[in-house]
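Look over the protein shown below, starting with a single residue and what surrounds it.

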Amino acid sequence: MARTGTMRILMATALAAATTMALASASATGLRGADASAGACPNPPTVDTVELTHYMGRWYEIADSAQFRATFEKGLQCTTANYTLNADATVTVVNEGNVGSPTGKVSKAVGKAKQDKGGKLEVSFFGPFYGPYWITQLYGDAASEYSVSVVHSCTTGLFAQRAMWILSRTPQLPAAITLDSIYAKATAMGIDVAALKMAETVQTSDCVYGS
């Protein structure tokens with residue numbers, strides 16, 4: 001889903017495995033690090049009223065952590081995450097991005113997610129290794145459709161990493177919502193946004209999206 005990365009976009013199973021192993025040391029719920037040298041993880045509140053059935057579908061990545069992008073999404077544009085709810089209540093996660101340009105070859109990674117509690121989910125791209133996908137901000141509602149989601153992920157230990165993803169139902173944020181306002185709210189929750197060095201994702205009108 002953390003990330004989004006969101007959970008994030010990986011080119012091969014090996015790369016996906018590396019991402020998940022880096023997250024696995026927390027195995028408490030993206031996707032989607034940064035500033036691994038920082039201390040204890042923040043504990044931001046999550047949106048526990050989220051209704052997963054209305055969270056499903058395609059999300060466009062608006063921004064994510066610079067270090068995560070450099071490691072796992074380098075050169076990718078037009079990044080998306082597509083979530084499908086399964087009969088067993090797990091979620092199939094399909095992350096995609098175009099290599100090098102908005103019309104470049106599509107790179108895809110398929111993973112799975114499960115709900116821990118409320119807005120705390122876990123995501124995996126490799127076997128039993130799960131990492132955190134915490135929905136910390138959610139705009140809109142189930143009745144009229146969620147419009148923007150902010151996902152935070154943090155682990156400590158040997159594979160410490162921190163990441164955040166801004167996801168939108170449209171390739172650009174709705175006019176009433178700005179990145180600055182999202183970052184200000186995240187900072188107030190105790191997330192060190194400056195350390196994450198958020199980078200905007202290319203989402204232009206000539207993007208050719210996959211599935």
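Leaving aside neighbours within four places in sequence, Ile135 is in contact with Pro45, Thr46, Val47, Val50, Tyr55, Gly119, Leu121, Ser149 and Val150. This is a predicted model, and Ile135 sits in its largest nonpolar core, a set of 26 residues. Ile135 is among the residues with the most contacts inside that core, along with Tyr55, Tyr83, Tyr133, Leu138 and Leu167. In soluble globular proteins, nonpolar side chains tend to be buried together.

Next, consider the strands. Strand β2 covers residues 76-85 and is mostly covered, with seven of its ten residues buried. Strand β1, residues 57-65, runs antiparallel to β2 and is joined to it by four bridges. β2 and β3 form a hairpin with five residues between them, and Ala89 in the turn has a positive phi of about 75°.

How confident is the prediction? The mean pLDDT of the protein is 84, and 82% of its residues reach 70 or more. Confidence is highest in helix α4, residues 179-188, at a mean of 98, and lowest in helix α1, residues 13-24, at 34. Over residues 1-37 the pLDDT is below 50, although this stretch has 179 contacts in the model beyond near neighbours in sequence.

Key: Residues are numbered from 1 along each chain as its sequence is written. This is a predicted model: local features need pLDDT of at least 70, side-chain atom pairs count only at pLDDT 80 or more; totals for chains, interfaces and linings use all residues. Side-chain values use heavy atoms; hydrogens and water are left out. pLDDT is the predictor's confidence in each residue, from 0 to 100. Helices (H or I, at least four residues) and strands (E, at least two) are DSSP runs, numbered from the N terminus. Contact means heavy atoms within 4.5 Å. A nonpolar core is a set of buried Ala, Val, Leu, Ile, Met, Phe, Trp, Tyr and Cys residues joined through side-chain atoms within 4.5 Å. Buried means under 20% relative accessible area, exposed over 50%, partly exposed in between (1.4 Å probe, protein chains only). Two strands pair if DSSP finds at least two bridges between them.
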